[in-house]
Amino acid sequence: MTMMSGAQMVVRTLEDLGVESLFGYPGGAVLDIYDALLESKKIKHILGRHEQGVAHAADGYARATGKVGVCLVTSGPGATNTVTSIATAYMDSIPMVILTGQVGTPLIGSDAFQEVDTVGITRPIVKHSYLCQCALDIPKYIRQAFYLASTGRPGPVVVDIPKDCVRPSMRFEYPEPEGEVKMRAYNPTTQGHKGQVKRAARMIAEASHPIMLVGGGAQLSGAKDEVRAIAKRFNIPVTSTLMGLGVYPSTDRQFLGMLGMHGTYEANNAMDKADLVFAVGCRFDDRVTNNLAKFCPAAKIVHIDIDPASISKTVNADLPIVGDAKIVLNQFIDAFNEFDLKENTEAMKSWWTEIEKFRHIDCLNYRHDENMIQPQEIIESVYRTTDGKAIIATDVGQHQMFTALYYKFDEPRHFLTSGGLGTMGYGFPAAIGAKIGCPDAQVCLFTGDGSFQMNIQELSTCLEYGIPVKIFILDNHTLGMVRQWQRMFYKGHISSTNLNSNPDFIALAKAYGHEGIRVEKPSELDDAVKKAISMKDKLVIVDILCNTDAKVLPMQQSGGSMSDMFLSEE
Amino acid sequence: MRQIISILLENEVGALSRVVGLFSQRGYSIENITAAPTEDAALSRITILTDGDEAIVERITKQLHKLVNVIKVSSKQDDSSNIVSREILFVKVQAIGHTQREEIKTLCDIFKAQIVDITPELYILQYVDTSFEVDRFLKAVKEQAEVVETVRSGVCGIFRGEQSLHS
């Protein structure tokens with residue numbers, strides 16, 4: 001029998017759950033927890049510099065490792081500062097547990113100092129949330145939170161812990177964990193419906209213009225091998241959403257690139273002409289489908305998703321299968337074997353001939369300029385230097401789309417980006433979390449001069465813990481994506497998108513004790529990237545001046561079909 | 001089209017607010033709502049009357065299902081062939097003088113409504129029936145007397161036949 005305080009139970013429960021890294025920021029309501037944390041030998045606490053960064057780091061850790069990301073913040077502003085990060089994780093279904101301090105239970109509702117209704121504020125952006133009422137709720141709720149965060153459709157779970165629940169003087173018997181958590185009202189479906197799988201398996205084999213669409217669900221469930229095996233078996237072209245990149249190797253012949261608003265010409269045209277879309281763990285959001293009324297007119301949709309609410313939400317599924325992508329795809333492989341289904345060689349030959357014509361357009365080709373660096377060149381240079389093997393985090397905007405298009409991800413969990421919410425300021429802390437979770441991996445950040453300044457304070461965190469991420473700022477002195485829209489759709493009116501008062505990023509890097517390299521000419525680019533990557537133990541900011549007027553192309557025409565696209569500036 | 005959604009959920013802190021929040025968050029309407037614990041004190045049952053076509057209601061029920069505390073959700077079109085439903089109405093009316101008091105009493109007799117409280121100048125009438133009948137009764141009362149205030153419970157309903165929210 002182990003007697004301990006609520007604060008000690010927080011620490012012990014996390015230890016029992018195998019938590020090694022805890023991202024956090026202390027404050028009044030969590031002082032007792034921080035005191036108990038000093039005694040822990042198993043948990044490494046990483047002190048961020050802002051709660052938003054702290055929680056994004058936990059998110060980046062979760063995306064890169066597949067484990068639950070955990071963070072601990074204080075009540076009131078500590079909790080509200082994590083709201084954007086929680087929403088980011090929620091939109092991309094990232095398993096995360098957010099422990100928030102709260103004022104003591106007798107003070108709740110009295111507008112006490114640093115009191116805020118955390119459970120209420122976060123309600124629409126969490127998978128679930130708990131407000132502890134006593135010390136013994138703590139182990140129970142934290143275990144349930146981990147279970148909820150990591151099973152079914154993953155997502156963030158908040159556990160709000162009032163200060164009186166962690167009082168050191170009040171000690172209780174610690175309830176030891178008892179196997180897997182069971183919850184009466186929560187029972188996600190993981191196995192696909194057998195009959196539906198068999199029907200779908202035949203549809204795939206019989207289709208003459210099939211395409212496989214891989215989404216974040218395939219990434220989260222670890223369905224890499226299954227996706228690859230099925231694509232190869234039928235010689236099916238594969239496209240991916242932003243969140244699915246890396247599940248199927250981008251360098252493989254069968255990969256058509258990302259689809260959607262800034263997808264490739266071949267991916268979007270293949271979707272438009274397809275007679276069967278085999279969608280694995282995606283939710284057909286508006287950046288993927290363009291005009292729903294014109295979406296894939298000839299295609300039957302086979303849709304696998306673990307969340308029944310994502311099926312037929314926007315695009316109607318002709319054959320829905322609820323289940324975990326990896327498990328369901330294994331069921332497919334069994335069905336293919338059972339019925340001895342093989343590639344429809346003749347049909348696929350003519351389908352690929354058609355696709356090669358789309359490919360021939362070479363939509364990612366761009367104009368080089370010997371005096372000015374093009375943003376695409378930066379991504380390509382880092383790609384070459386890192387052999388395409390780095391874990392890449394991005395912020396949001398043009399650089400994010402350029403990364404998705406020009407960095408050819410061959411492995412899952414290597415691309416960390418805020419897809420659903422589109423959170424500027426996500427990338428840098430996410431890269432920190434990834435480096436902590438995968439210390440042996442090369443972790444790079446592509447960011448913009450706008451985005452980077454949204455969580456720039458974490459440079460201090462990196463110095464404290466020696467986190468050598470490589471930061472490539474695609475510095476165009478503007479909010480590039482917004483400027484692109486202003487130029488394309490707002491008659492060229494440039495409203496509040498110029499960034500003419502940026503700091504000297506090199507001096508800033510040095511002020512924080514890091515290294516900085518400025519690049520202004522195309523001829524200097526490769527050497528600078530190599531130099532940065534070669535400084536293994538250093539955080540390096542590479543500030544690269546690049547074309548202000550570059551546009552992310554191709555781009556779908558709003559209101560059109562998948563294949564209605566702008567291909568070039570003209 | 002009016003639809004009735006029945007929800008069985010764990011009686012946890014904040015469970016009701018998650019259900020109600022989901023409706024506003026996703027832009028669905030609530031015409032009325034009732035909630036109370038069931039015979040199993042750990043569970044509550046909510047009945048919601050909403051407006052929307054079948055596709056929207058299917059979307060709502062799927063989203064409701066996703067809430068961690070929700071055990072079961074079921075929906076049916078609001079008509080008496082599917083569902084037995086009742087609503088309670090209390091209406092406070094002015095009842096001054098013998099003639100008026102008699103007229104209101106007669107009206108209540110016709111509708112099988114009850115007078116549940118009296119003062120020298122006021123009656124409180126109680127009426128229990130489907131929402132449709134409650135509307136009809138209220139209209140008749142308004143034509144007969146000066147209404148001071150009304151309160152309705154919202155719909156409480158149970159599906160006919162074997163269908164049950166309890167597994």
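Two residues are taken to be in contact if their C-beta atoms, placed from the backbone, lie within 7 Å. By this criterion, the contact between chain A and chain B takes 13 residues from chain A and 17 residues from chain B. The side of chain A that touches chain B comprises 8 nonpolar, 1 polar and 4 charged residues (Ala, Val, Leu, Ile, Met, Phe, Trp, Tyr, Cys and Pro count as nonpolar, Asp, Glu, Lys and Arg as charged, and the others, Gly among them, as polar). The model is predicted, and local features need pLDDT of at least 70, side-chain atom pairs count only at pLDDT 80 or more, and totals for chains, interfaces and linings use all residues. Residues are numbered from 1 along each chain as its sequence is written, and chains are lettered from A in the order in which they are written.

Chain A is divided into domain 1 (3-173), domain 2 (194-360) and domain 3 (375-552), with bounds from an automatic or database domain assignment. The centres of domain 1 of chain A and domain 2 of chain A, taken over C-alpha atoms, are separated by 38 Å. Between these two domains of chain A, 6 residues of domain 1 are in contact with 6 residues of domain 2. The side of domain 1 of chain A that touches domain 2 of chain A has 1 nonpolar, 3 polar and 2 charged residues.

Leaving aside neighbours within four places in sequence, the contacts of Phe472(A) include Ile378(A), Cys444(A), Phe446(A), Val542(A) and Ile544(A).
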